[in-house]
Amino acid sequence: MSNEKKSYESSISSSYKNKELLKITILLGFIATAASILTWWIMFMIITDGMEKPGAVPIEVTFLVFIISYVVFIAIITLNFLYNKAYIKNFHYKILEDHIVIKHGVFTKIVATIPYSRIQNINIVNGVFDRLFKIFTVKIETAGSSVAAASAQKGHIRPEGYIPGLKNPEIIEKKIKEMMTKYSAVPSGLEDKIFKPEELAFDNFISYILSKMREGEKLKTSITELREKANISAADLAEKVGVPLQTINYLTEGRYNPSLALAYKIAEVLQCKIEDLFELI
Amino acid sequence: MRFKKKIVSRIKQFREELELPQLELAKLVGVSRQTIYYLERGSYNPSLTISFKISEILKKPIHDIFYQEPVIKDILEGKSLAELREIAEIACINLEKLASLSEIDDEQLTKDFKEDTLIKIALELGIDFEDLFEKEAEN
């Protein structure tokens, strides 16, 4: 691969599975405990209420409910742990010259390609559980991503670029920004042509437009005279030069500052020098 | 048949004759230094008012500072003799005739070269025919 140095490739940290494990343990542990207490309480109510039939629901059934709920709890946690282990194994991302590739998915394999031109912002998220394991999640948000469609389908919103479980998110952020400025933002060599201080950009732009408009006023042209001398109509001239008639009209009115190439073409058709054709006043 | 032309600038040469730095010239013309840089490199088609100002400052007529040159001239000059020989062979003309392409004017071009010869040359150079020549508008 020739672009080996330019690209950056990595996978996610194994702390991610520990974090997910802790998260689901706390969540499910809470649910399982609540469920057990609720069952025990219902059983207790049935037993105490139905005094006429004491022992109708033996205490063993209550224990059974306890055991089943905790077995399910442990099974879910184990499956979750295995799933996340596989998830980490299958998660790869590459930061290339003009796009990011994120490969993930345990059962359904997904390869997501995000071109830099569509990246809007990069968020580094550090949640409560993330902080315990010192990991970060990088979310790359893109312009007009199908968030609405995704949320309608899945019920939750995830940005297109979602890289969880990162030890050093700054590396990724830096790399992406580097690539973006290098390969997509501004064509090389034009950097200082783009107005540097952002707060001045608008003013510069307006004054540029105004100066362009004023430039035309400084030109005096004798196109009409030369054209009539050569016996060429304005429409013919426009056609020979390869511009709309409107342009020729603007030129003769002195409302338009032509490019040198256009001036040369007109001069060629009318067989004269540019200096004969235009005059700076 | 006509040559497609590009504008070649000799600002740098004239500027150096006057010992005028890029930045000074830019200030006198009222443009940024980058604009002068791009003009010198020839990768920028200036507006006529800028051209007039430059010609005024450098005290040279516009057609001396920005002269037009057939696009093909530069390309042919960049080729080695062996490459030129090969192109001439494929286009079924002799080497001298091929070399003359970078000297003749539009009138001579129409007289000397057939369109399909030029198409072959463009094809061999790996450049679109339309980028090298343009057909005369028919009246």
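In which strand of chain A does A:Ile95 lie? A:Ile95 belongs to strand E2 of chain A, residues 92–95, where strands (E, at least two residues) and helices (H or I, at least four) are DSSP runs numbered from the N terminus. The model is predicted, and local features need pLDDT of at least 70, side-chain atom pairs count only at pLDDT 80 or more, and totals for chains, interfaces and linings use all residues. Residues are numbered from 1 along each chain as its sequence is written, while chains are lettered from A and ligands numbered from 1 in the order in which they are written.

A:Ile95 counts as buried, with 21 C-beta neighbours inside 10 Å; a residue is buried if 20 or more other C-beta atoms lie within 10 Å of its own, exposed if 12 or fewer, and partly exposed in between, with C-beta atoms placed from the backbone. Leaving aside residues up to four places away in sequence, A:Ile95 touches A:Ser7, A:Tyr8, A:Ile100, A:Ile172, A:Lys175, A:Ile176 and A:Met179. Two residues are in contact if their C-beta atoms, placed from the backbone, lie within 7 Å. The C-alpha atoms of A:Ile95 and A:Glu9 are 6.2 Å apart in space, although 86 residues separate A:Ile95 and A:Glu9 in sequence.

Chain A as a whole has eleven helices and nine strands. Of its 281 residues, 17% are buried. Among contacts in chain A between residues at least 6 apart in sequence, 60% join residues at least 24 apart.

In H8(A), the buried residues are A:Leu237, A:Ala238 and A:Val241. They lie on the same side of H8(A), because they cover an arc of only 100° around the axis; the arc is that of the directions from the helix axis to the C-beta atoms. The partners against which the buried residues of H8(A) pack are helix H7 (223–229), helix H9 (245–253) and H10 of chain A. Just after H8(A), A:Gly242 adopts a positive phi of about 90°.

Two packed helices are described by the angle between their axes and the distance between the axes. For H8(A) and H9(A), the axes come within 8 Å and cross at roughly 115°. Axes are lines fitted to C-alpha atoms, for helices over the stretch in contact, and angles run from 0 to 180 degrees between N-to-C directions. H8(A) and H9(A) are therefore roughly perpendicular to each other; angles under 35 degrees count as roughly parallel, over 145 as roughly antiparallel, 65 to 115 as roughly perpendicular and the rest as oblique. The crossing of H8(A) and H9(A) is right-handed, a crossing being right-handed if the near helix is turned clockwise from the far one by less than a right angle, and left-handed if anticlockwise. H8(A) contributes A:Ala234, A:Ala235, A:Leu237 and A:Ala238 to this contact, and H9(A) contributes A:Leu245, A:Thr247 and A:Ile248. By class, the contact of H8(A) with H9(A) has six nonpolar residues, one polar and no charged. Ala, Val, Leu, Ile, Met, Phe, Trp, Tyr, Cys and Pro count as nonpolar, Asp, Glu, Lys and Arg as charged, and the others, Gly among them, as polar.

Helix H8 (residues 234–241) also packs against helix H10 (residues 260–270) of chain A, at an angle of about 120° and with the axes 10 Å apart. H8(A) and H10(A) are therefore oblique to each other, and their crossing is right-handed. A:Leu237, A:Lys240 and A:Val241 of H8(A) meet A:Lys265, A:Ile266 and A:Val269 of H10(A). The contact of H8(A) with H10(A) comprises four nonpolar residues, no polar and two charged.

The loop between H10 and helix H11 (274–277) of chain A holds A:Gln271. Phi of A:Gln271 is near 50°, a positive value in a residue other than glycine. A:Gln271 is exposed, with 9 other C-beta atoms within 10 Å. A:Lys134, likewise not a glycine, has a positive phi of about 55°. A:Lys134 is placed in the loop between helix H3 (128–133) and strand E6 (136–142) of chain A and is exposed, with 11 other C-beta atoms within 10 Å.

Chain B has eleven helices and four strands, and 21% of its 139 residues count as buried. The contact between the chains takes 19 residues from chain A and 15 residues from chain B. Helix H4 (48–58), helix H5 (62–65) and strand E3 (66–70) of chain B each supply at least two residues of the side of chain B that touches chain A. H4(B) gives the most to that side, with four residues.
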